[in-house]
Amino acid sequence: MDRTHDGRPIRMLTLIDEYSRECLAIEVSRQIKTIDVIEKLADLFILRGIPEHIRSDNGSEFSSRQIRRWLKAIGVKTLYIEPGSPWENGYIESFNGKLRDELLNREIFETLFEAKVLVERWRVEYNTLRPHSSLNYRPPAPEAIEPKWPENAVALS
């Protein structure tokens, strides 16, 4: 959680792919409810496919009956970490630490909109430019800036 300059809270829902380390989304809002989580996950599932499982903490927006039913209905297993055991969700904890060190501790957001813009800009940089030691110092999604076309690809204009 962070705050805008006027002291009002900002909540962030961070979603990463544990395999590629790519940050799939950061939802920035004043509050995040179960329906917001379902909508963001549904959007990602449409774009990226349905994952085998989702790992999360036990926050009310992640562990409600509504979200458990929805995930079960589409065949996604839930892996909830034990309360007070952030090491069980190390990838997201590491990511959130980088987000805090590299952006949140350095910025004072005047408005919610400014926070959304700067967080999204940081997310894109994190995915496409920032080297990751666990990926041999390559970014998780370099193809977003380095497209690789097959030799017989057709370009349209």
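Is Y126 buried or exposed? In this predicted model, Y126 is buried, with a relative accessible area of 5%; buried denotes under 20% relative accessible area, exposed over 50%, and partly exposed the range in between (1.4 Å probe, protein chains only). Residues are numbered from 1 along each chain as its sequence is written, and side-chain values use heavy atoms, with hydrogens and water left out. Because the model is predicted, local features need pLDDT of at least 70 and side-chain atom pairs count only at pLDDT 80 or more, whereas totals for chains, interfaces and linings use all residues.

The protein contains five helices and five strands, where helices (H or I, at least four residues) and strands (E, at least two) are DSSP runs numbered from the N terminus. Along the sequence these elements follow the pattern β-β-β-α-β-α-α-β-α-α. Of the 157 residues, 35% count as buried. Among contacts (heavy atoms within 4.5 Å) between residues at least 6 apart in sequence, 54% join residues at least 24 apart.

Three strands form an open sheet in the order β1-β2-β3, with antiparallel pairing; two strands pair if DSSP finds at least two bridges between them. Strands β1 (2-3) and β3 (23-29) stand at the edges with a single partner strand each, so one side of each is left without a neighbour in the sheet. β1 is joined by two bridges to β2 (residues 9-16), and these strands run antiparallel. The bridge partner of D2 in β2 is I10. In the loop between β2 and β3 lies R21, which has a positive phi of about 70 degrees although it is not a glycine. Most residues other than glycine have a negative phi.

A parallel pairing involves β4 (residues 53-56) and β5 (residues 77-80), which are joined by four bridges. R55 has L79 as its bridge partner in β5. In a regular strand the side chains alternate between the two faces of the sheet. In β4, I54 and S56 belong to the covered face, and H53 and R55 to the uncovered one.

Helix α5 (residues 112-128) lies across β2 and β3 and runs at about 170 degrees to β3; axes are lines fitted to C-alpha atoms, for helices over the stretch in contact, and angles run from 0 to 180 degrees between N-to-C directions. Two packed helices are described by the angle between their axes and the distance between the axes. For α4 and α5, the angle is about 120 degrees and the axes are 11 Å apart. The crossing of α4 past α5 is right-handed, a term applied if the near helix is turned clockwise from the far one by less than a right angle, and left-handed if anticlockwise. The contact is made by F95, K98, L99, E102 and L103 of α4, together with L118, V119, W122 and Y126 of α5. By class, this contact has seven nonpolar, no polar and two charged residues; Ala, Val, Leu, Ile, Met, Phe, Trp, Tyr, Cys and Pro count as nonpolar, Asp, Glu, Lys and Arg as charged, and the others, Gly among them, as polar.

Four aromatic pairs are found in a search of the whole structure. Rings of Phe, Tyr and Trp (its six-membered ring) pair if their centres lie within 6.5 Å, with planes under 30 degrees apart counted as stacked, over 60 as edge-to-face and the rest as tilted. The rings of F45 and W70 have centres 5.6 Å apart and planes at 0 degrees, so this pair is stacked. F45 belongs to helix α1 (residues 34-48) and W70 to helix α3 (residues 65-73), and the pair links parts of the chain 25 residues apart. F45 is buried at 11% relative accessibility, whereas W70 is partly exposed at 23%.

In the pair F95 and Y126, the ring centres are 4.9 Å apart and the planes stand at 85 degrees, so the arrangement is edge-to-face. F95 lies in helix α4 (residues 90-104) and Y126 in α5, so the pair ties together parts 31 residues apart in sequence. F95 is buried at 1% relative accessibility. F95, W122 and Y126 form one aromatic cluster.

Also in α4 is N96, which is partly exposed with a relative accessible area of 29%. The C-alpha atoms of N96 and M12 are separated by 9.8 Å, with the residues 84 apart along the chain. M12 is also among the residues touched by I32, including R11, L13, E27, V37 and E61, when residues up to four places away in sequence are not counted. I32 is found in the loop between β3 and α1 and is buried, with a relative accessible area of 11%.
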